[in-house]
Amino acid sequence: MTTQLARGLRIQASAHYVPNRVVKNAELTQLMDTSDEWIQTRTGIRQRHVVIDENTSDLALHVATDLLGQSGLSAHRLDFIIVATMSPDYQTPSVAAQVQGELGATNAFAFDINAACSGFEYALKIANDLINSGSQRGIVIGAEVLSKLVDWHDRTTAVLFGDGAGGVLVEGVESNSRVLATDLATFGASGQKLTAGKMANGNAFGANQQAQPFFQMDGRAIYSFAVRQVPASIELTVAKANLMLADIDKFVLHQANGRIIERVAKGMDIAAIKFPTNVANYGNTSAASVPILFDELVKTGQITRGDTIALAGFGGGLTVGTIIIKY
């Protein structure tokens, strides 16, 4: 007697891309009053990748092309493309539409979402809902060029961020691999604790709002938010999946700051080895950080088929999101 498998979202392939230009901490001392020791002690970051002449859509297109190449699929077989980003090339067209056009994915609808550093989890939840409502396959990408939102003379923010993109190709199949549970939450009343990209309005009818393109952040408030809400979201999602925390093989968290990840692991009384990090090499890449780390763990064999994985993001909005998957 064979067991009937349920149809669900299966991650068929993963990929990531970062710009070639590497900016080490020591190079930042030429721009601001800081040091390698100061940055590493407070953030765990040693370097970040920064674009020279690429934009967010270029990074996303690299990932999408890689995903199709790994899967042996032609672009016209995609049903949807979702890009999570807070740093698009334009207000319109969306990054996803630009990628769709470059790929020639003529059967795919495409759109961006902005949930900042939780963006990939929000996008993957939407993809799961699309698969469950009949779509067959699509691409979900987190892509950011945060270097255009950074005041490169402000050491409280400039040392934190980097550019990059990561993503997955998902398909609706009958398989043990699927999304087990999700949790998304938004705390809009605290949104001013972390802002970026405020646009000016100089319209002809008296508006005179000032632009503030660069990151403005209450670091203490964001730290407190993260170490309180991320464990709560993970524990809630694990319970929804009828699992125990001990059943999770890896916790793939947004790579904002090494201290936050250490505090979350300690607070949940879970071994740090289950919380892999790469923030030292990339800094905070917002919506791209979880898929970049996920792909690295898959490619190095640290995540294998059958593992149970918690993906968790947190950040601007303020937002938090957790997805438990059976990979």
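How many residues of domain 1 are in contact with how many residues of domain 2? I looked it up in this model, which is predicted. I found 50 residues of domain 1 in contact with 46 residues of domain 2.

**Entry 1: the two domains**

I noted the bounds next. The domain assignment gives domain 1 as 7-176 and domain 2 as 180-326. I then looked up the distance between their centres, taken over C-alpha atoms, and it is 14 Å.

**Entry 2: the area between them**

The size of an interface is often given as the accessible area lost when the parts come together. I looked up that value here. Domain 1 and domain 2 bury about 3,800 Å² between them. Carbon and sulfur atoms give 62% of this area. Which three residues supply more than any other three of the area that domain 1 buries against domain 2? They are Cys117, Glu121 and Tyr122, and they supply 17%.

**Entry 3: polar links**

I looked for salt bridges between domain 1 and domain 2, and the count is zero. I then looked for polar contacts. Between the two domains, 23 residue pairs are in polar contact, both residues being at pLDDT 80 or more.

I went on to the side of domain 1 that touches domain 2. Several elements give two or more residues to this side. Among them are the strands β1 (7-17), β3 (47-49), β6 (137-145) and β7 (163-174). The helices α2 (36-43) and α5 (119-132) also belong to the list. I sorted the residues of this side by type: 20 are nonpolar, 20 are polar and ten are charged.

**Entry 4: helix α9**

Why is helix α9 (residues 289-299) largely enclosed by the rest of the structure? Nine of its eleven residues are buried, so the rest of the structure largely encloses the helix. I listed the buried ones: Ser289, Val290, Pro291, Ile292, Leu293, Phe294, Asp295, Leu297 and Val298. After α9 comes Gly301, and I noted its positive phi, near 75°.

**Entry 5: Ser175**

I found Ser175 in the loop between β7 and β8 (178-186). Is Ser175 buried or exposed? Its relative accessible area is 12%. Buried means under 20%, so Ser175 counts as buried. I followed its side chain, which reaches the backbone nitrogen of Ser177 at 2.8 Å.

Notes:
Residues are numbered from 1 along each chain as its sequence is written. This is a predicted model: local features need pLDDT of at least 70, side-chain atom pairs count only at pLDDT 80 or more; totals for chains, interfaces and linings use all residues. Side-chain values use heavy atoms; hydrogens and water are left out. Domain bounds come from an automatic or database domain assignment. Contact means heavy atoms within 4.5 Å. Buried area is the accessible area (1.4 Å probe) that two parts lose on being put together, summed over both. A salt bridge is a side-chain nitrogen of Lys or Arg within 4 Å of a carboxyl oxygen of Asp or Glu. A polar contact is a pair of N or O atoms within 3.5 Å; within protein, one must be able to donate a hydrogen and the other to accept it, and residues adjacent in sequence count only if both atoms are side-chain atoms. Helices (H or I, at least four residues) and strands (E, at least two) are DSSP runs, numbered from the N terminus. Ala, Val, Leu, Ile, Met, Phe, Trp, Tyr, Cys and Pro count as nonpolar, Asp, Glu, Lys and Arg as charged, and the others, Gly among them, as polar. Buried means under 20% relative accessible area, exposed over 50%, partly exposed in between (1.4 Å probe, protein chains only).
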